[in-house]
Amino acid sequence: MSRLFRDVEGGPRCPHGSVVCIGAFDGLHLGHQALVRHTVARARALGVEAVVLSFEPLPREFFAPAAPPPRLLLTHAKAERLFGLGADQLGLLRFDRRFSSMSAEDFVRTVLMGRLCAREVWVGPEFRFGKGRGGDIALLQRMGAAHGFSAGEIEPFLLDGERVSSTKIREALLGGDFDTAAEFLGRPYAIDGHVVPGKRLGRTLGFPTANLRFAGKTPALSGIYATWVHGVGDKPHASVSSLGTRPTVAGVEPLLEAHLFDFNGDLYGRRIEVEFVAKLRDELKFSDLPALTAQMHRDAEQARAILSQEVFA
C-alpha cells in the first residue's frame, strides 16, 4: 500500500488505529515539526501508525486562485520532509469544490474515523477545518468523546518569545532577512527540484543556468540572489540566481534560474537544491539584452564577493 493518499473516501487505511495531525504545513517550520514529532511519538507509544493530513492545493490557494499566497515549500519537498520526520502515511487531500463543502462533522466521520480509525488527533493553535471553518479543537474533543478518540492542541512554538509562523517567514523572505527565515524554519531557506530545459538564452548571453519550475505555484521570493546550489558535487556550489518572470524577454511563468560559477556540465534532470543567502536586487525590465547582460555581470561579481565570505564546515 502506498504511503501517500489523496482521497477522503475509501476503505480503512489504518485498521489497527492511528495518531493523526492536521495542517497546511507550508514551509514545515519549527512549529510544524514539533506537531509532527509529537504525533509520531504518540503513535509509537500506542503501537499504531502516524498519519499526517494536509491539502493540495492549500485551502487559501483554492479560495483565491487569482492571488494565491506564496508557497514556501513545494509539494514533493513537503512530502519527503514529512516522511523524514517519521510519518507512516501522508494524506494530501484534494481540496476541491466538493471537499470545501464538507462539514467539519462529516470530515471527522469520513476521514478521521472511517478512513484512519483515529485514536488521537493533534492540531496546531487556532486550527480550523470544514465548511466555513466550522470545526475547531472543541468540536474534535466533543466528537472524540462520543466516538472513542481523543484530540489535543499543541502550544504555539516560540523562538526568543516570538511565535513561529509561515506568515512571518514569508515576511522575512520578502524583506531579504534570510537569517530570521532560517531560524524559524530550522534550516536555511532553499528551493529544490529537477532541472528542466529552458530557452537557452542564458547560455547565449554567457550565463548558462539550471532552471527549476514551480508547477503553477506562486514562489515566496522574487529578485536576484547570491545562492548556493546543492546536489552538484560534494560541496555546495557558489551561484547567482534569478527568481521571477523575466520581464526583459516577456516571460510569464515564474522560473528559478541558477548560474553556477565556474561550472561546465549538463544538469538536465538532476535534482538540485538552491539555497538563498542574500538578495542583490529586485527583478527589473531592461531596455535591451546588452543592458541586461551588463547587469548580470555586476550581479555575478557581487554574488561572488558575498559568497566568498561564507564558510561551510
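Strand S13 (residues 255-260) is mostly covered, with six of its six residues buried. Buried here means under 20% relative accessible area, with exposed over 50% and partly exposed in between (1.4 Å probe, protein chains only). The model is predicted: local features need pLDDT of at least 70 and side-chain atom pairs pLDDT 80 or more, while totals for chains, interfaces and linings use all residues. Residues are numbered from 1 along each chain as its sequence is written, and side-chain values use heavy atoms, without hydrogens or water.

In a regular strand the side chains alternate between the two faces of the sheet. From S13, Leu255, Glu257 and His259 point one way. Leu256, Ala258 and Leu260 point the other way, and all of these residues are buried.

S13 has strand partners. Strand S12 (residues 237-244) pairs with S13 in the antiparallel sense over six bridges; pairing requires at least two DSSP bridges between two strands. Gly244 stands opposite Leu255 in S13. Strand S10 (residues 210-213) also runs antiparallel to S13, joined by four bridges. Here Leu212 stands opposite Leu256.

The protein chain holds ten helices and 14 strands. These are DSSP runs numbered from the N terminus (helices: H or I, at least four residues; strands: E, at least two). Buried residues account for 48% of the 313 residues. Among contacts (heavy atoms within 4.5 Å) between residues at least 6 apart in sequence, 73% join residues at least 24 apart. The C-alpha atoms fill a box of roughly 70 × 40 × 40 Å along the principal axes.
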